[in-house]
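Please have the sequence and the structure open while I talk. I will go through a few contacts and then stop.

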Amino acid sequence: MLEQALFLLIFFLSNTIMTVTGFAGTMLAMPASILLLGVEDARFILNVTAILSCVFIAVQQWKYANKKELKKILLIMLAGMLVGTVLYRIIPMSFLLPAYGVIIVLTALKRLLLPQTTSLPQWVCLLVLVAAGIIHGMFVSGGALLVLYATLMLQDKSEFRATIAATWAVLDPTFFVLNFNPALWNTQNIILIGLCIIPLILSVYIGNWLHNKINEAYF
């Protein structure tokens, strides 16, 4: 019960941030969720709940999405996801989990400590999107790398959120299909997904309110 309560709190906080920004929900929730629920259950539950929240935001904010960039992001990240799905199945978890943590920390340090880059070579942008797809194919949380690309191409906060949310609205169901496992549809996981509905609704409401209040520079 304590593990479930902690998970629901983490889910609420991370999904509120995701609603504000359009990304980072699963990325923030995944490390602690792995410790509380285990890797497979955490991936499954966060994938299902991310589909619900991202599809809702994508439909609600579709008019703000940058359709040209969305098509480019999806095409490249889908290719990366296929690679990530294969790598997840063949590389030992003892290597994957530390590597995942290092990538998240290095990406965060880059955004915090290094000045904002005004442009990147096309080949670097391509590699960033492929890497984002690979990470998403393994841990349903490629947003850390995608944001490096998106902050260069999507300047308006509403355009940023709508485009990124639409990306997850396509990639997360794809992840679900690629990693479908009937064994994960057990009573415990279904109950926990059901318990996520109320914090999900609250986080979307609060996140939308915060998004409308926050100024462009702070965003």
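Asn 179 touches Arg 43, Thr 85, Arg 89 and Gly 137, leaving aside residues up to four places away in sequence; contact here means heavy atoms within 4.5 Å. This is a predicted model: local features need pLDDT of at least 70, side-chain atom pairs count only at pLDDT 80 or more, and totals for chains, interfaces and linings use all residues. Residues are numbered from 1 along each chain as its sequence is written, and side-chain values use heavy atoms, with hydrogens and water left out.

Asn 179 sits in the loop between α8 and α9 (187–195). Its relative accessible area is 15%, so Asn 179 is buried (under 20% relative accessible area, with a 1.4 Å probe and protein chains only). The side chain of Asn 179 reaches the backbone oxygen of Phe 175 at 2.9 Å.

Now the helix pair. Helix α4 (residues 67–90) packs against helix α8 (residues 157–178) at an angle of about 30 degrees, and the axes are 10 Å apart. The axes are lines fitted to C-alpha atoms over the stretch in contact, and angles run from 0 to 180 degrees between N-to-C directions. Helices are DSSP runs of H or I, at least four residues, numbered from the N terminus. Among the residues that meet are Thr 85 and Arg 89 in α4 and Phe 175 in α8.

Last, Leu 200, in helix α10 (residues 197–213). Leu 200 counts as buried because its relative accessibility is 9%. Its C-alpha atom is 6.4 Å from that of Phe 12, 188 residues apart along the chain.

Definitions and conventions:
Helices (H or I, at least four residues) and strands (E, at least two) are DSSP runs, numbered from the N terminus. Buried means under 20% relative accessible area, exposed over 50%, partly exposed in between (1.4 Å probe, protein chains only). A polar contact is a pair of N or O atoms within 3.5 Å; within protein, one must be able to donate a hydrogen and the other to accept it, and residues adjacent in sequence count only if both atoms are side-chain atoms.
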